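Hi,

Here is the structure I promised to pass on, with the sequence alongside. Have a look around it first, then read my notes below.

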Amino acid sequence: MLLTFTKPKFEQLIKDCVKVHTIRADKGNRWQVGTKIHFWRGNPRNTRGKEKPYQFGTGEVSRIEEVKINPHLNYVVIDGVEFRAKGELDAIAINDGFESWEEMKTFFTDVFVGKLIFWKNCRWSQGCR
């Protein structure tokens, strides 16, 4: 399955194993453990844009958790466990490729409910990490 990223920094953060998951809406429950992932910078269906999309790696879904993000009340709930402490929120944000909870809140500006998708067995053009 395609996993597209628009933020340029996410590609290197994924390759460096800093960004270890993504947060996505998944109303149709399409993502499943074991699903093959094709990591893309940009959307491969949008070839007319200024920057051409490209695939930068592959992987496999290793774990999926329910997530609720409330940027207004400063908390995240993952599989029923609530996180409110600044250190916990910063760790969640960093694992998702942001520098801090404050930066993550600029992306998730409203209450969001979706899935936290983790990956493993990633392969990049430089080899396996």
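**A buried arginine and its surroundings**

I'll start with a pair of side chains: those of Arg 41 and Glu 51 are joined by a polar contact of 3.3 Å. Keep in mind as you read that this is a predicted model.

You'll find Arg 41 in strand 3. Is Arg 41 buried or exposed? Its relative accessibility is 12%, and buried means under 20%, so Arg 41 counts as buried. Besides the contact with Glu 51, the Arg 41 side chain reaches the backbone oxygen of Thr 6, at 3.2 Å. If you leave out residues up to four places away in sequence, Arg 41 touches Phe 5, Thr 6, Lys 7, Pro 8, Glu 11, Glu 51, Pro 53, Tyr 54 and Phe 56.

**The whole chain**

Now zoom out. There are three helices and eight strands in the chain, and going along the sequence they come in the order β-α-β-β-β-β-β-α-α-β-β. The C-alpha trace spans about 40 × 30 × 30 Å along its principal axes.

Of the 129 residues in the chain, 42% are buried. The chain exposes about 7400 Å², and 51% of that comes from carbon and sulfur atoms.

**The nonpolar core**

The largest nonpolar core has 26 residues, and the ones with the most contacts inside it are Phe 5, Ile 23, Phe 39, Ile 69, Val 76 and Met 104. Several elements each supply at least two residues of this core, among them strand 1 (2–5), strand 4 (54–70) and helix 3 (101–107). Which element gives the largest share? That is strand 7, with five residues.

Setting aside its neighbours within four places in sequence, Ile 23 is in contact with Val 67, Ile 69, Asp 96, Met 104, Phe 108, Phe 112, Lys 115 and Leu 116.

**Helix 1 and what follows it**

Which residues of helix 1 (residues 8–15) are buried? They are Phe 10, Glu 11, Ile 14 and Lys 15. Looking down the axis of helix 1, you'd see these buried residues fall within an arc of 130°, so they line one face of the helix.

Just after helix 1 comes Cys 17, with a positive phi of about 60°. That's worth a look because most residues other than glycine have a negative phi. Cys 17 sits in the loop between helix 1 and strand 2 (21–24), and its relative accessibility of 48% makes it partly exposed.

Asn 29 is another non-glycine residue with a positive phi, of about 50°. Its place is the loop between strand 2 and strand 3. At 46% relative accessibility, Asn 29 also counts as partly exposed.

Cheers

Key
Residues numbered from 1 in each chain as written. Predicted model: local features only at pLDDT ≥ 70, side-chain atom pairs only at ≥ 80, totals over all residues. Heavy atoms only, no water. Buried < 20%, exposed > 50% of the residue type's maximum accessible area, 1.4 Å probe, protein only. Helix = DSSP H or I, 4+ residues; strand = E, 2+ residues; numbered from the N terminus. Arc of directions from axis to C-beta. Core = buried A, V, L, I, M, F, W, Y, C linked by side-chain atoms within 4.5 Å. Contact = heavy atoms within 4.5 Å. Polar contact = N/O pair within 3.5 Å; in protein donor to acceptor, adjacent residues only side chain to side chain. Areas by Shrake-Rupley, 256 points an atom, 1.4 Å probe, with all protein chains shown as cover.
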